[in-house]
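Here is a friendly walk through the model you have open. Keep the 3D view at hand as you read.

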2 protein chains.
Amino acid sequence: MENGPDIKRFFEPRSVAVIGASNVEGKIGYKLMENITSGGYKGELYPINPRGGEIFGIKAYQQITDIEGSVDMAIIAIPASFVLEEVRRCGEKGVSFLTIITSGFSEVGESELERKIVETAKSYRMRILGPNIFGIYSSKVDLNATFGPKGVKKGKVAIITQSGALGIAMIGKTATEGIGLSTIVSLGNKSDMDENDLLEYLANDNSTKVILAYIEGITNGETLLGSLKKISRIKPVVVIKSGRSKRGALAAASHTGSLAGSDEVFDSVMKQCGVFRAESLDEGFNWIKFLADTPLPKSNSCVIVTNGGGIGVLATDACEKYNIELMDEPEYLKETFHSAIPSFGSTKNPIDITGQSSAEVYKKTLIAALESNRISSVMALYCQTADFKKEPYKEMITLIHNEYMSRGKTIAFSLVGGREVEECVNELKENGLPAFKGVYEMVSCFGVLHRFSENKARREMEIAESEIDVERIENILDNALSEGRAFLLSQEAKEMLDAADIPTPKSFVARSIEEAVNGAEDMGYPIVMKIVSRDILHKSDAGGVALDLENKEEVMDAYQLIIRNAKNYDPHAKIDGIEVAEMIPQGLETIIGARRDRSFGPILMFGLGGIYVEVMKDVSFRALPMDREEVYSLLKDVRSYPLLLGVRGEESKDIEELIEVMIKVGTLIRKVKRITDIEINPLFVFGRGKGVKVVDIRIMIAMEKEVSE
Amino acid sequence: MENGPDIKRFFEPRSVAVIGASNVEGKIGYKLMENITSGGYKGELYPINPRGGEIFGIKAYQQITDIEGSVDMAIIAIPASFVLEEVRRCGEKGVSFLTIITSGFSEVGESELERKIVETAKSYRMRILGPNIFGIYSSKVDLNATFGPKGVKKGKVAIITQSGALGIAMIGKTATEGIGLSTIVSLGNKSDMDENDLLEYLANDNSTKVILAYIEGITNGETLLGSLKKISRIKPVVVIKSGRSKRGALAAASHTGSLAGSDEVFDSVMKQCGVFRAESLDEGFNWIKFLADTPLPKSNSCVIVTNGGGIGVLATDACEKYNIELMDEPEYLKETFHSAIPSFGSTKNPIDITGQSSAEVYKKTLIAALESNRISSVMALYCQTADFKKEPYKEMITLIHNEYMSRGKTIAFSLVGGREVEECVNELKENGLPAFKGVYEMVSCFGVLHRFSENKARREMEIAESEIDVERIENILDNALSEGRAFLLSQEAKEMLDAADIPTPKSFVARSIEEAVNGAEDMGYPIVMKIVSRDILHKSDAGGVALDLENKEEVMDAYQLIIRNAKNYDPHAKIDGIEVAEMIPQGLETIIGARRDRSFGPILMFGLGGIYVEVMKDVSFRALPMDREEVYSLLKDVRSYPLLLGVRGEESKDIEELIEVMIKVGTLIRKVKRITDIEINPLFVFGRGKGVKVVDIRIMIAMEKEVSE
């Protein structure tokens, strides 16, 4: 990428060659030429066809190398078996971007052919979009290099889609919904270019105001994370991702992993990035249209105006669901609306003019709301009454909308009723107005608009990282791998935590009474002692455990007793010594997990320990790296979070120290690439100022020396 | 109600009088006459107007009493101040039902006038619909006695609506969506008739296949519960209820109550009744249309046919969300579809013919699916491709639908694309076909259809009740009330539980060492002892508690020690004795609550105790009475339910006994009307066969002797 051509030439090519251009209707090469010429492409167009002659009245070249001028983009629409050769020729010609429409590659198992094409392109420093795509439309140069419909509506929304069929349907749908496009790009097999390449350009493209991405799977998630975090503060990004269901979920790699169904991770990460995930196509389309056309509200003071009590209540409910505050100042509302609405209406928010009021009253009330300096957004609801006439209402709504939108007011309309009302909504929509059939649809749009306001206000913060002794840790891993193990022994894991400065209970293995006593005296009481023997698995059954020892004498007695018990239990057991450890008081059980997600790379998981995780599945995820705020929000995401603040009169817990440990675990998995899984379960969290302590830990490592990210 | 007129005469009046009928356009009395006459009402129509003459070419009477024939229904549309007088005249005339359109009663504070009207009607055994409504449409007699639009589409859906304005809009919307109505009734102020009266008729009305109710608030919930449970097994009932948001929530009456936001209760109760609650109007309309027109699937074998991979995955996701199983038999699917679809397509469910396939292939694939004896339902998805033409697709879909629907197949179509595709969907819908723009909308319809199949399969079971000693309990209440208390003392509460046969720890108050020792010996060890004194609130601080006493000697020592400690703590304290109680081992903490919900009457709550309830809000609700299955489902509804089955190697808990206690608590609150709140918190549940035990209880009672339900 660093050495590739400027992405600008992809969205704004000065010249385009169509390899496989054709005069024969029904061929893709025909459709492409038709769309490019009728779309009014601003650059040079070179049809390529072995027969030469003229195509669409333009001189055709037999080979791309025959062209005299330079070619920024070659669009390839010929059978799969001929593509590689053409790619080579494009390379010779010095083309920058290849848009490979042709299908029949990795999506049907022909991965080798695809690999060769990518390799060839790379050797010429060319970038590839596709293969297996419908093409690209870019409004900047009026290029419709797709085999989709002709009439693309120009506008402010950029669409990136992984599904070709859906993408073509989307072109039609955007036009119908009155949504204008700055660009639409089909990603297909993503053999080379992916979302990240496109976002890089779109972030700074001033003709794009909103971005919609339809995603099926993510390949380069860690980079995507960074791009999305940055861009979502500048422009709203809406994502529709399919594959929520179990079929798409990752196989569970560890206990932590088994909770991290990939869709759950995706959902969390999108939230973390400030991206808005729509559940359905329709929801996504409603959002992008609204986001593209509506000014951001200047404050939180929202008012609902309605002529029907029922839909007023439905909208109020929806406002709560989508976190929209309704203005609640009875005196001010009364003052603002009492002269506009009839006596039997209500000036409480929702402002209800009732079904008996005329269009005139409705208009007066809307204007009263929009003229108020303190009301920044207005939801206008309308329920069909006997006096509804389409044209006057359409005109009134259009006038009011245009007037007040230009004055920076946030306003939308939801009209409920029969045929005529529905036609009214459709026509308003097509004219680009924020009109809706459903109340929920409208309110959910206000919801994302508010969330985007919050995104904009979010500051960029420093990545939270800690100092860790990477070299020491790598040595521990080397040692484990040299013994053929993909996991660390308890003592190794403890050593690794030490190297990362994560608090574990103090402990050592004593091989004599003297060692035990001296060590215990240094460590401080109370302590616990446990037999260390590979032959004795059930230490308690063997009488090999002593708890809560408080002084030297007790340590001496316990040492002897444990050895005696062990020998009685199994006279042949090889005894390595006795572990002497600090005794840890009961703390609040938490779990911290870290692993490498297939899509997003290193992710961190947090949950409250024990039953909360196992039974309630009460865990949360974030992708790394994170700033301190994000780590904090990871804690707050679990439903059982109040336990950390202290409930039932318990003291509040040491959240500061908990966050420190999470940062350290995050640093570990990011800096030491061979670690695949870390699960601290439980981590005891004590009262504020009293710290945290790892009670048990499991670390998995990759068997290969080098792990590709 | 028992003595009222036959509800059949309300939906099928043989004669109707319109009081306030008018020739003056713009008046409601004009609109009513216009709708009734143009709608082709099959009975006798009598316009009433003081001026007499003719109205709409029909002889008008000056007063209703002037009419010779009998009048089943009088529709009143005159100013509020004249209504009472007319109601009286209707009574004299012997009218059965009054449909009072007029507004200006309790909804604007004129409750007294409304009360008088209801009283007068009752004295003549007349029933009232309204006031403050838009009227009633009933297809049985072609009566459109509303001031809504003229063209009501006749069909199989009955609508009951509490909002007038929304109701009128619904008439329009149903026509546009191709939904036919058997009836639509506006309930308004519900001064007399409510949902229950209407459901009674609709349950057995053979022209009604589906019922939709728009509800804002419920008044007679206990009866409604019974009606809904019964009817939802026969016909699908869809409910849209506004007031989800906090504004509508009940004030928290107790700890249990504070968790029971009324909307949560409503939601639970609707599920309990087998009613389908739609979140939005659009969702509700999609459902009723589908439910009215689509045959129930004969089995669970569902197949998705698509020409777009993307929407196929979206639909698969939606299937998981709505609990629809997709047929997963690779061999059978391959065999069924391989000859229909192209080689690059997929015979895995979703069956994907890809965007390159023609309409012919699409049709062949659909037919292959529908001809299969083993596939009972088919979701047909279509993504616009370049070759889409509206008319041939419309024709193909219509042909396939009509052919296979008549053969009992469940099929629906979702088409995604631009203007032409959207028009295609609209036209199909208007012709009554199950066509959708969105994939989710379609799948959610399959979801309710499946749930209705389950409803039908549900058996009606006996109500679960227990024997309780009501008289003894009433005495306890009388005693508390005589002391001016709205709550029971701990000993009273315990006595009440005894009377209901709910297990509490054995205990008694000893007033001497001998009493303590003898009682303890009878009861068995271990026991606990506690000082009983109104002057000592903090028993532990006073040294007034002794735990885990194991024999006679320890009891004697403890008795003396407690008395001594108490005297030291407060020399003036009046000591009533020492409570000697069975010591209860730790069990799984649960909460059982019962209270009277404002809407539904007695309801039962269950939660896992302690933090699960307080922090996680993990509780569930059901309205009483219940059968044993419902009580069991109440347990299973909480997320922490697996704790009862035993997790982390713990033994499973005594669910049988827990259910018994829940049934007993339910019986208590139902049979003893003066109890307003019961909260058992915690109830310890022990291992299977080891029972349960109440640890703490709180009971609140109503101060009035008679509590109206």
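## Where the two chains meet

The contact draws 66 residues from chain B and 66 residues from chain A, contact meaning heavy atoms within 4.5 Å. Please bear in mind that this is a predicted model, in which local features need pLDDT of at least 70 and side-chain atom pairs count only at pLDDT 80 or more, while totals for chains, interfaces and linings use all residues. Residues are numbered from 1 along each chain as its sequence is written, chains are lettered from A and ligands numbered from 1 in the order in which they are written, and side-chain values use heavy atoms, with hydrogens and water left out.

Between them, chain B and chain A bury about 5,300 Å², with 56% of it on carbon and sulfur atoms. Buried area here is the accessible area (1.4 Å probe) that two parts lose on being put together, summed over both.

Four salt bridges are found across the interface of chain B and chain A; the term stands for a side-chain nitrogen of Lys or Arg within 4 Å of a carboxyl oxygen of Asp or Glu. Lys321(A) and Glu279(B) join their side chains in a salt bridge, at 3.0 Å from N to O.

Several elements of chain B give two or more residues to the side that touches chain A, including helix 5 (164-177), strand 13 (237-241) and helix 16 (439-457). Helices (H or I, at least four residues) and strands (E, at least two) are DSSP runs, numbered from the N terminus. Helix 11 of chain B gives the most to this side, with nine residues.

## A helix pair in chain A

Helix 11 (residues 309-321) and helix 16 (residues 439-457) of chain A pack at an angle of about 35 degrees, their axes 9 Å apart. Axes are lines fitted to C-alpha atoms, for helices over the stretch in contact, and angles run from 0 to 180 degrees between N-to-C directions. In helix 11 of chain A, residues including Ile311(A), Leu314(A) and Lys321(A) meet Val439(A), Tyr440(A) and Val443(A) of helix 16 of chain A.

## Details of the backbone

| Cis peptide bond | Omega | Loop holding the proline |
|---|---|---|
| Tyr525(A) to Pro526(A) | near -5 degrees | between helix 19 (513-523) and strand 21 (527-532) of chain A |
| Leu624(B) to Pro625(B) | about -5 degrees | between strand 26 (619-623) and helix 22 (628-637) of chain B |

Asn132(A), a residue other than glycine, has a positive phi near 70 degrees. Asn132(A) sits in the loop between strand 7 (127-129) and strand 8 (135-138) of chain A.
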